Amino acid sequence: MVSTIPISNSVIESQLRPDIRKLQPLLVEWRRHLHQRPELGFKEHLTGKLISEKLQEWGIEHQTGIANTGIVATINSGKPGPVLGIRADLDALPIQELNDVPYRSIHNGIMHACGHDGHTAIALGTAHYLATHPQDFTGIVKIIFQPAEEGPGGAKPMIEAGVLKNPDVDAIIGLHLWNNLPLGTLGVRSGALMAATERFSCTILGKGGHGAMPHQTIDSIVVAAQIVNALQTIVARNINPIDSAVVTVGQLNAGRAFNVIADTARMSGTVRYFSLDYQNYFSKRIEQIISGICASYGAKYEFNYTPLYPPLINDSKIADLVKSVAESIVETPAGVVPECQTMGGEDMSFFLREVPGCYFFLGSANSEKGLAYPHHHPRFDFDETALGIGVEMFIRCVEKFCSQG
Ligand SMILES: [Zn+2]
Ligand SMILES: [Zn+2]
């Protein structure tokens with residue numbers, strides 16, 4: 001766990017400009033409205049309705065229905081300048097909420113357990129501020145409301161639909177509310193921030209039989225056990241120890257009775273890594289191990305490998321800009337945490353593969369208020385003071401980026 005000294009809510013709030021402080025109750029209202037009505041990926045219809053209604057009300061030009069439920073708002077300062085993209089994700093998770101709060105989810109079995117309700121509220125607040133303060137920046141800001149971050153991924157189809165074009169986006173920023181960091185801190189780093197996410201599955205085809213007569217069988221469970229162990233040697237023995245990677249077997253199913261040798265065993269798992277050097281490595285190495293072990297036991301196998309999200313890599317120049325903005329808000333370098341890498345994945349990585357940019361973490365945990373459960377937990381919730389900080393961060397980034405030309 002990263003040790004940082006959290007800054008009090010009042011100190012943080014004093015960093016917000018009056019017009020953003022005025023927005024704070026609205027940010028909370030929008031976030032709670034969305035929190036009560038969570039929707040899964042590509043089904044963010046009520047979420048889109050709120051966004052669209054607000055943008056309409058504020059006279060902000062926007063396009064809906066991009067990659068199903070995505071929305072892009074374009075705020076033009078009326079002055080020539082760069083085009084900055086700001087990305088927010090919209091979707092929730094298939095989790096039954098256990099929080100007993102007035103804004104608890106009313107959609108059975110669905111919950112905003114990752115904070116994307118907050119991301120949407122922050123992006124709306126940013127849109128509102130920019131539309132009412134066009135004198136504060138030059139160029140154009142495109143706010144990209146992206147569906148389905150939790151899967152199957154809305155970033156890629158939005159890029160394919162042309163959201164980074166016409167006008168062409170010069171750089172992109174985005175944030176994730178982060179309960180691994182206390183409120184009053186910001187996680188900013190250049191280079192790899194989040195890991196590539198890949199999925200594999202394998203069925204081992206042996207030969208079943210009597211539990212007392214193993215010599216007549218090919219025991220798929222014994223073969224699977226060898227494979228699970230051997231897969232761990234990829235990280236331990238094949239990957240450069242300076243790099244980081246994970247191979248996790250998350251599912252292993254076989255057998256129906258204590259005295260029967262199972263003919264098939266099924267496993268699935270995930271691979272994580274930061275370095276682009278490994279982009280085609282794991283699929284080959286995992287299959288090599290499975291194939292070799294199966295051959296040595298006389299078993300056959302079926303293998304599937306799916307790369308999901310690439311590693312999320314921040315551009316050093318934009319990351320430096322975001323870092324200096326972060327330091328101006330928390331007023332101390334100690335509040336900006338570079339040791340914030342995580343093996344979690346994010347499809348913001350697709351945007352960052354197309355244009356330079358920076359994704360950062362907005363500390364949102366407050367253990368004194370009991371708001372420190374991890375993301376994807378049925379009791380996840382965050383300190384809503386972070387919403388205003390998120391808007392202030394985005395606005396200061398816009399001002400800085402759009403004054404650089
Ligand atoms: Zn998540
Ligand atoms: Zn998330």
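In which sense do strands S5 and S16 pair, and over how many bridges? The close-ups below, taken from a predicted model, begin with this pairing.

**View 1. Strand S16 and its pairing with S5 and S6.** S5 and S16 run in the parallel sense, paired over eight bridges. Alanine 365 in S16 is the bridge partner of proline 182. Strand S6 (residues 186-187) also pairs with S16, here in the antiparallel sense and over two bridges. In that pairing, phenylalanine 361 of S16 stands opposite glycine 187.

**View 2. The residues of strand S16 (residues 357-365).** Nine of the nine residues in S16 are buried. Gly357, Tyr359, Phe361, Gly363 and Ala365 point one way from the strand, while Cys358, Phe360, Leu362 and Ser364 point the other way.

**View 3. The zinc ion (ligand 2) and its donors.** Cys114 (SG), His116 (NE2) and His176 (NE2) coordinate this ion at 2.1 to 2.4 Å. The zinc ion (ligand 1) is 3.1 Å from the zinc ion (ligand 2), and cysteine 114 coordinates both. Histidine 116 lies in helix H4 (residues 116-132) and histidine 176 in strand S5 (residues 171-182), so the pair, 60 residues apart, links distant parts of the chain. Histidine 116 and histidine 176 are both buried.

**View 4. Helices H6 (residues 220-238) and H7 (residues 281-297) packed together.** Their axes are 10 Å apart, at an angle of about 145°. The crossing of H6 past H7 is right-handed. Among the residues that meet are Val222, Ile227 and Leu231 in H6 and Phe282, Ile286 and Ile290 in H7. The contact comprises 14 nonpolar residues, three polar and one charged.

Definitions and conventions. Residues are numbered from 1 along each chain as its sequence is written. Chains are lettered from A and ligands numbered from 1 in the order in which they are written. This is a predicted model: local features need pLDDT of at least 70, side-chain atom pairs count only at pLDDT 80 or more; totals for chains, interfaces and linings use all residues. Side-chain values use heavy atoms; hydrogens and water are left out. Axes are lines fitted to C-alpha atoms, for helices over the stretch in contact, and angles run from 0 to 180 degrees between N-to-C directions. Helices (H or I, at least four residues) and strands (E, at least two) are DSSP runs, numbered from the N terminus. A crossing is left-handed if the near helix is turned anticlockwise from the far one by less than a right angle, and right-handed if clockwise. Contact means heavy atoms within 4.5 Å. Ala, Val, Leu, Ile, Met, Phe, Trp, Tyr, Cys and Pro count as nonpolar, Asp, Glu, Lys and Arg as charged, and the others, Gly among them, as polar. Donors are N, O and S atoms within 2.8 Å of the metal (3.2 Å for Na, K and Ca); water is not among the atoms, so sites may look incomplete. Buried means under 20% relative accessible area, exposed over 50%, partly exposed in between (1.4 Å probe, protein chains only). Two strands pair if DSSP finds at least two bridges between them.
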